[in-house]
Each structure stands twice: as C-alpha cells, then as structure tokens.
Amino acid sequence: ALLLSENVGVLDKNISNLEKLLSETKAITKAGFAEQLDVDRLDLSLANIRSERGSLLRQQEMVLNGLKLAMGMPVTESLVLSDNVDKLLQAYAGADLTSSLNLMNRQEYVQLLKGRELSVLQMELYSRPWLPTVAGFVQYQPAFQGGFSTDNKKWYWIPQALAGISVSIPIYDGGGAKAKKERALVAVQTLDAQKQLLENVIQLEVENGRKQYLNAQERVQNQQKNLALAQRIYDTTQTKYKAGVGSSFELVSAEQGLYAAQQALMQAQYDLLNARVTVRKALGQNN
C-alpha cells in the first residue's frame with residue numbers, strides 16, 4: 001500500500017512536468033519552431049501516464065481494502081497511511097542479518113519437542129511392565145430412618161461404609177509390553193531424525209533468506225543509482241529539446257527510460273520488503 005502511494009506520487013510529479021513541457025511545446029509549435037508530431041508524441045505520453053495513474057489509484061484502493069480486512073476494520077471506513085516507504089526500509093535495517101537464530105521461536109520446532117517428550121514418557125512407561133497397579137476406594141453413605149411419630153427416639157441414622165483395595169501384578173502379557181516399548185523407541189528415534197532435519201531446514205531458510213535480503217538490498221542501491229542517471233539524461237535531453245538541438249523522439253525515449261527506472265526502483269523496494277519478511281519468518285519473529 002505504501003509503495004502504491006509513493007508510485008502515485010511519482011506519477012503525479014511526472015504528469016506535472018509533462019504537462020508543463022507539452023504547454024511549452026505547443027507554444028513553440030505555434031511559433032513555427034517545432035512540428036505537430038512533437039506535440040502528438042508528448043500528448044500520447046501524457047495520456048498513457050494519466051491512464052496508468054487511474055489504474056494505480058484503483059489498485060491502491062483494493063490493497064487498502066485488503067489491509068482493512070486483515071486488521072479487522074470495516075472496509076467502508078477510511079484509512080490513512082501515515083508512514084512511508086523510506087521509514088519502512090530504514091526500520092530494523094540490517095538487524096535481521098545479525099540476529100541469532102533461536103529455534104524455540106519456531107512453533108513447529110516446539111511442537112516436535114513436545115511430541116518427543118510424550119514418546120519418551122510412553123517408552124519409559126512400557127519399560128516397566130512388571131510394576132503392579134494399585135487401586136483403592138472408600139465409600140461412606142449415611143441413611144436416615146424413622147417413622148411419623150412424636151417420639152423422637154424412633155428417628156435414627158443408619159451409616160453405611162465400604163472400603164476396598166485392589167492390586168494387579170502382571171505376570172505374562174504375551175510380549176505386548178515389549179512390542180509397545182519397541183514401537184515407542186522407534187517413534188523417539190524417528191522424532192530425533194525429524195528434529196535434526198527440521199533444524200537443518202530452518203537454518204537453510206535463514207541463510208537463504210538473508211542472502212535474498214542482501215541481493216534485494218544491493219538491487220535497491222543499484223536502481224537508485226540508475227534512477228539518478230536516468231533523471232540526469234532526461235533533464236539534459238529536455239534542455240537540448242527546449243534549445244532546439246534535440247528531437248522529440250530523443251525526449252520521449254529519455255522519458256520512457258526515466259519511467260522504467262522509477263518502476264524498477266519500486267519493484268526492487270518491494271522485493272526488499274518481501275525479503276525482510278522472509279528472514280523474520282525464518283527467525284520466528286512475526287512482529
């Protein structure tokens with residue numbers, strides 16, 4: 001949503017500059033120093049940018065509605081973005097590349113450890129099939145007895161109490177306990193193998209995510225340089241065109257190069273934000 005907002009702002013700046021250039025070109029054409037073809041080219045470029053701006057505004061509205069839905073906010077209410085892409089890119093810059101990996105932050109790893117604990121308990125239980133089972137119980141229930149008489153001596157309580165204990169000593173179970181113990185042992189060994197595999201997978205996710213982050217960061221820096229260069233080329237070409245030593249074709253080509261550099265920078269910034277999210281997910285940091 002922030003990238004779309006910034007993209008719309010860039011297009012607004014481009015539209016303003018192109019409208020000014022188109023107005024100047026029309027005046028030059030009216031004076032006989034330029035051709036109508038130059039005006040038509042600039043007019044076509046301006047129409048394309050305006051159309052793209054309208055498409056971005058509608059796309060931005062859809063993205064904001066999706067953001068409202070994710071926040072649990074009614075889509076009919078207004079939402080104003082107070083942040084910008086630069087602040088978002090600077091936040092935690094580089095921190096995800098130096099943060100140590102804590103496997104306990106990954107929920108699937110914690111669940112696997114809990115499952116192993118349960119399997120170990122089962123194995124310990126089946127390792128003691130000779131242990132007796134002792135159960136006891138106590139029950140006390142008084143009953144009130146009496147007749148309908150004014151003599152209170154005919155009213156009395158009859159208490160009832162029962163207590164018992166049972167002891168079960170296993171003698172032979174046909175090898176069932178041994179089989180259960182072996183199955184529990186296999187389950188523990190399987191979980192140990194899964195644990196080692198999961199540790200390697202998580203470590204690989206972190207390392208790959210950090211490499212993608214570095215690549216995306218490098219692309220952003222390169223695209224920033226390319227944009228500055230494309231801007232200088234466009235400014236120089238525009239100055240030459242106004243001075244009458246450049247053609248409208250060169251100006252349109254420089255303009256298209258500038259717009260392509262702007263879009264490439266936006267895409268690189270988007271890739272960098274995605275790479276940062278990937279690293280934080282691999283580290284188990286969901287905030």
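Buried here means under 20% relative accessible area, exposed means over 50%, and partly exposed is in between (1.4 Å probe, protein chains only). A few friendly notes follow.

1. Before the details, some ground rules. This is a predicted model, in which local features need pLDDT of at least 70 and side-chain atom pairs count only at pLDDT 80 or more, while totals for chains, interfaces and linings use all residues. Residues are numbered from 1 along each chain as its sequence is written, and side-chain values use heavy atoms, with hydrogens and water left out.

2. Let me start with Leu112, which sits in helix H5; helices are DSSP runs (H or I, at least four residues) numbered from the N terminus. Its relative accessibility is 13%, so Leu112 counts as buried. Setting aside neighbours within four places in sequence, Leu112 is in contact with Leu191, Gln194, Lys195 and Leu198, where contact means heavy atoms within 4.5 Å. The C-alpha atoms of Leu112 and Asp192 are 9.1 Å apart, although 80 residues separate the two in sequence.

3. Helix H5 also holds Leu125. Is Leu125 buried or exposed? Leu125 is exposed, because its relative accessible area is 58%. From its C-alpha to that of Ala177, 52 residues away along the chain, the separation is 9.3 Å.

4. Arg106 belongs to the loop between helix H4 (95-98) and helix H5 (107-126). With a relative accessibility of 9%, Arg106 is buried. Its side chain makes a polar contact of 3.1 Å with that of Glu205; such a contact is a pair of N or O atoms within 3.5 Å, and within protein one must be able to donate a hydrogen and the other to accept it, with residues adjacent in sequence counting only if both atoms are side-chain atoms. Beyond four places in sequence, the contacts of Arg106 include Ile202, Lys281, Ala282 and Gly284.

5. Helix H6 (residues 176-243) and H7 have axes that come within 7 Å and cross at roughly 160°. Axes are lines fitted to C-alpha atoms, for helices over the stretch in contact, and angles run from 0 to 180 degrees between N-to-C directions. H6 and H7 are therefore roughly antiparallel, the term for angles over 145 degrees, while those under 35 count as roughly parallel. Their crossing is left-handed, meaning that the near helix is turned anticlockwise from the far one by less than a right angle, with clockwise giving right-handed. By class, this contact has 21 nonpolar, 14 polar and eight charged residues; Ala, Val, Leu, Ile, Met, Phe, Trp, Tyr, Cys and Pro count as nonpolar, Asp, Glu, Lys and Arg as charged, and the others, Gly among them, as polar.

6. Helix H2 (residues 36-71) packs on H7 at about 15°, with the axes 9 Å apart, and the two helices are therefore roughly parallel. The crossing is right-handed. Among the residues in this contact are Leu42 and Ile49 of H2 and Phe249 and Val252 of H7. The classes come to six nonpolar, three polar and four charged.

7. Helix H1 (residues 2-30) meets H7 too, with axes that come within 11 Å and cross at roughly 170°. That makes H1 roughly antiparallel to H7. The residues in contact include Val10 and Leu18 of H1 and Met266 and Tyr270 of H7. Nine are nonpolar, five polar and two charged.

8. Gly257 is partly exposed, because its relative accessible area is 34%. Its C-alpha atom is 8.8 Å from that of Ile233, 24 residues away along the chain.

Terms used: Parallel < 35°, antiparallel > 145°, perpendicular 65-115°, else oblique.
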